[in-house]
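Here is a short report on a predicted model. Look first at the ligand site, then at the places where chains meet.

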Amino acid sequence: MVNVNGKNGARSLIQARNLDKIYTRGEEEIHCLSGLNLDVEKGEFIAFMGPSGSGKTTLLNLLGGLDKPTRGSIVANDIEITSLSENMLAQWRAENVGFVFQMYNLLPVLTAYQNVEIPLLLTSLSKKEREEHIMAALELTNIVDRKDHYPSQLSGGQQQRVSIARAIVSNPLFLLCDEPTGDLDRKSGDEVMTLLKNLSEQLNITVLMVTHDPKAAEAADTILHLEKGVLIEGKTVK
Amino acid sequence: MPVPYTYSLNSIKARKSSSAIAILCIAGVVCVFIVVMAMANGFNKMLKSTGSEDNVIILRKGSSAEMMSIISKEQYKAVGDIMFIKRDSEGNPLVSPEVVVVAPFFHKSTKTNALGQVRGVLPSALKVHPQVKIIKGRFFNEGMYEFVVGKNAANMYEGLELGKEINLGGRKFKVSGIMESGGSLYESEIWCDLKLLQETYKRPLNVFSTMFVKLNSKNDFLKFKEMIDKDPRLNFDAKTEKSFFEEQSRVVTTLIRVLGFLVAAVMAVGAVFAAFNTIYTSFASRVKELATLRAIGFSQESVIGTILFESFILSLSGGILGCLISLPLDNFSASTLNFQSFSQVAFSFDISLKLLLEGILFALVIGVSAGFIPAIRSTKLKPAQALRET
Amino acid sequence: MKYLFLLKANIKRKKIRTFLTLGSYFAAFLLFGLLAAIQSAFHQGVDVAGANRLVVANKTSLIMPLPLSYKEKIAQISGGKNVTFASWFGGYYQDPKNFFAQMAVDSETYFDVYKEFKVDKNQFLNFLKDRQGCVIGKKTAEKYGFKIGDRIPIIASIWGGVWEFNLRAIYTGTKPEDDLTQFLFHASYLEERRAWGKGMVGWYIVETKSPDLTYSVSKEIDRKFSNSSYETKTDTEKAFALGFVKQIGNIELIILSIGAIVFVTLLLVTSNTMEISVRERSGEIAVLKTIGFSDKLLYFLTISESLFYSLSGGLLGMLTAKLFTLKGDPTGGFLPAFYVSSNQFALGMFLIIFFGFLSGALPAYRVYKLKIVDALGRI
Ligand SMILES: Nc1ncnc2c1ncn2[C@@H]1O[C@H](COP(=O)(O)OP(=O)(O)OP(=O)(O)O)[C@@H](O)[C@H]1O
Ligand SMILES: [Mg+2]
């Protein structure tokens, strides 16, 4: 069960303790996160909400090992990622995290298929095995028919589905999604949310998602609000 | 509505490093263009001005260089009597007996001794060689150990400045003047008094190397040559000064023409690639920005205008910079070997105002046409599409 | 290489830019190849110089002759092994533009000294038997289609008239830089037919018993003839050739330095292009890093891209230059050795790789240092 008070004794999948993140801009110090705690169990689907500038992206960056907290620790699957070197972090990300961005961030020069292949290049899989994984991911995200298209030939919703396929293809520990529907219309947005929900429910994939859209947040099991640098529990569906 | 020109200027300023590289690169292109052309111009000038068609050189048959030729005083006298030779106001034929030797001088740029051609003449030789002009000092005085040094020889060798003394065959000669002859081979030579040169080199006074003769008209040459050929006392070759010097420099000419052209052609291609590449690259990465201008409401034409204006400014600056860099090379002296006489010949780089303007024009043509591709591309792209391109 | 398609996609991203970059490398290394050929052409004499050969020339100038009688006197000097001589003939075949060196040589001894020239034994004997016989280098023979037994008329610009020779032998070389353009015939024939200048030769070539003796032998020769009316200047063949190269003057220097400016400009440009294209892609690079590509891997990929441009453009340029030089001397005979040597080719290859690295190094370092959070924020 998700927990934000840092009092969970047992080892959960993700365990963040006393996270501080302070940005310095010249003289000025911005206290973005202060003493944040979070415990996430496998298979949970969590939505983070909060006003613009509250630090949601910052939190995802820390959880994904893209940035380091000023203080505090994050342990994911028994590995303390806050103490890993840059190189080890890169490897850790490759094995454990799938990222989905608001702007999709597909490589424009590669086809959908090739975009999905990228994370697998970092594994030791053979070409044949890679193909199997890619096709499976594309089928799950229902975009197989567009596999040879370039991003510029796809709609926003389709691009986002390709980017979700890319995020899950290497079978990561958890997905981090930063406003995955932020750039989409209602219909495409709903499709993406249904997809994420299915992945979470049927494949038991852990999903951590930032969103501004209350309707999108409803798809999640838990909604957490980020306020004044800490998480506050919102409604719980289950 | 045109895009304000300050946008272009600001954009150049904002992209300091890529603007600087574009300007530098175009400057390099222009500099190379000017230097290569200046070399070609200087060289052609030397060839063109070397030798007139009414001057005839007379050598012993079979001599490939002047210093190999031998002419006796009797033969010299005999030639003077031939018709068709121009005469001065006192009725003397314009015939110049000359002695040619080579002597080692210290070559400034290769830092070794190189052979320079030394020519002993009578003071009256100037009547036969009217293109020779003294630009500094004066002609040598008869009977004085003095040198008149060709402009290029003065640049090429150490110690041949006006007023300096230099050793030749154990005698000290003083440089009394610097001469010019419209860029001809004589500018690579050193002239002095005929008799003193013969003495210094322990040559008999009644033997010369060659003779130069001025004809009444260049049309008389064939008739004059026939008389020489017919005369049993004279085993001579007569050639016009022009064709003789052309023969002398045939190897050098071919080398410079062929190699110079070859290298210049490849360099020009390379330079064009370079300039194109920088200008093109700097715009191609800004398709999005240009599309934004379009989206705001500027017309296609005015966006194209902006790009062309900006590349115009860049190439103009590059062109001017290139001219400034190449300017100090004006009159720079290039020297090489005359493969016939194994002495040094030199010619000067000739950078004219016309050449500088051509250089700038060259820069503008390359620069502006390189701007054209991205300009046209930016119009083909619909703004909406371009904005989505990453 | 499973990353190959990533490279391929990046290369195809901006086709015009790729074309211009390849073109820049192509031009740079075509230029390099030509400059190398020009350099070897000018230095040919230096490269082929025998370590134990001396050239004895008239002290005043190479074009002044020496007496034939010196041969015996030089042969007496201890330390010398073989003595031969040659005279410049200075004629041409059919047209003055058809330039190749003709020399009247001491036929019995010339090939003893120039051991790198190989002649078939029977052909050589035929040459010795024929008063008007001549030996021609393979290159000249091929260029003008001369066959053994051909009668070759040479127009003698120095001595006058048309001289006819019978081609009796064709010599070949042992090294690529050997001069295979010479036309050699009996000095005795020249002596017999010329009207003046009898009893004189152009220059002597002396082979010493060992390279250590060159200094003492050369001093001894010059001493022997000092204060005669034909003083000599004796140099090792190498020094002689080097002196000659220096005499060619700063033309070579000018050509080479202009070439160098262009070369450097082109490389500046390719580096700049690479830099801009990497900057454009910083968002994508950040995404790759997010996915888990290590800094090192991305550094390596950037360098590979740069190497791809330099290798494909540069190699094409070098090969074009090589092909061009295989067509032979562009001046029609003045540069008997116009070729890209294997050393120069290797240097070219080294430069291609070096500059591929160099122009990729800065952009790749930028990639290496790129912070995901900063770059993603920029999207
Ligand atoms: N690199 C940085 N340097 C300085 N300040 C930063 C930096 N990154 C983020 N911030 C600041 O930290 C705060 C939180 O930023 P963050 O991007 O996490 O907010 P967010 O909750 O994701 O907002 P949004 O909903 O608009 O995406 C903001 O005030 C922002 O200005
Ligand atoms: Mg955010």
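**The ligand site**

A polar side-chain atom of Ser52(A) sits 2.4 Å from an oxygen atom of ligand 1. For Gly53(A), a backbone N or O atom lies 2.8 Å from an oxygen atom of the ligand. For Ser54(A), a polar backbone atom is 3.2 Å from an oxygen atom of ligand 1. A polar contact here is a pair of N or O atoms within 3.5 Å; within protein, one must be able to donate a hydrogen and the other to accept it, and residues adjacent in sequence count only if both atoms are side-chain atoms.

Taken alone, ligand 1 exposes 630 Å², and the protein buries 68% of that. Accessible areas come from the Shrake-Rupley method with a 1.4 Å probe; for residues, only the protein chains shown count as cover.

Which elements give two or more residues to the shell around ligand 1? They are strand S1 (14-25) and helix H1 (56-63) of chain A. H1(A) has the largest share, three residues. Helices (H or I, at least four residues) and strands (E, at least two) are DSSP runs, numbered from the N terminus.

In total, 13 residues surround ligand 1. The closest are Ser52(A), Gly53(A), Lys56(A), Thr57(A) and Thr58(A). A residue counts as near if one of its heavy atoms lies within 4 Å of the molecule or strand. By class, the shell has three nonpolar, seven polar and three charged residues. Ala, Val, Leu, Ile, Met, Phe, Trp, Tyr, Cys and Pro count as nonpolar, Asp, Glu, Lys and Arg as charged, and the others, Gly among them, as polar.

**Where chains meet**

Now turn to two interfaces. Contact means heavy atoms within 4.5 Å. Buried area is the accessible area (1.4 Å probe) that two parts lose on being put together, summed over both.

| Chains | Residues in contact | Buried area | On carbon and sulfur atoms |
|---|---|---|---|
| B and C | 59 residues from chain B, 53 residues from chain C | about 4900 Å² | 77% |
| A and C | 25 residues from chain A, 23 residues from chain C | about 2100 Å² | 71% |

Start with chain A and chain C. Helix H2 (86-96) and helix H3 (112-121) of chain A each give two or more residues to the side that touches chain C. That side divides into 14 nonpolar, six polar and five charged residues.

Between chain B and chain C, two residue pairs are in polar contact, both at pLDDT 80 or more. Several elements of chain B supply at least two residues each, including helix H2 (16-49) and strand S4 (112-121). H9(B) gives the most to this side, with 21 residues. The side has 34 nonpolar, 22 polar and three charged residues.

**Salt bridges**

A salt bridge is a side-chain nitrogen of Lys or Arg within 4 Å of a carboxyl oxygen of Asp or Glu. How many are there over all chains? The count is 41. Between chain B and chain C it is zero. Between chain A and chain C it is also zero.

One salt bridge joins Glu189(B) and Arg119(B), with the closest N and O atoms 2.6 Å apart. This pair links distant parts of the chain, 70 residues apart. Glu189(B) is in the loop between strand S8 (171-180) and strand S9 (190-193) of chain B, while Arg119(B) is in strand S4 of chain B.

**How to read the values**

Residues are numbered from 1 along each chain as its sequence is written, while chains are lettered from A and ligands numbered from 1 in the order in which they are written. In this predicted model, local features need pLDDT of at least 70, side-chain atom pairs count only at pLDDT 80 or more, and totals for chains, interfaces and linings use all residues; side-chain values use heavy atoms, with hydrogens and water left out.
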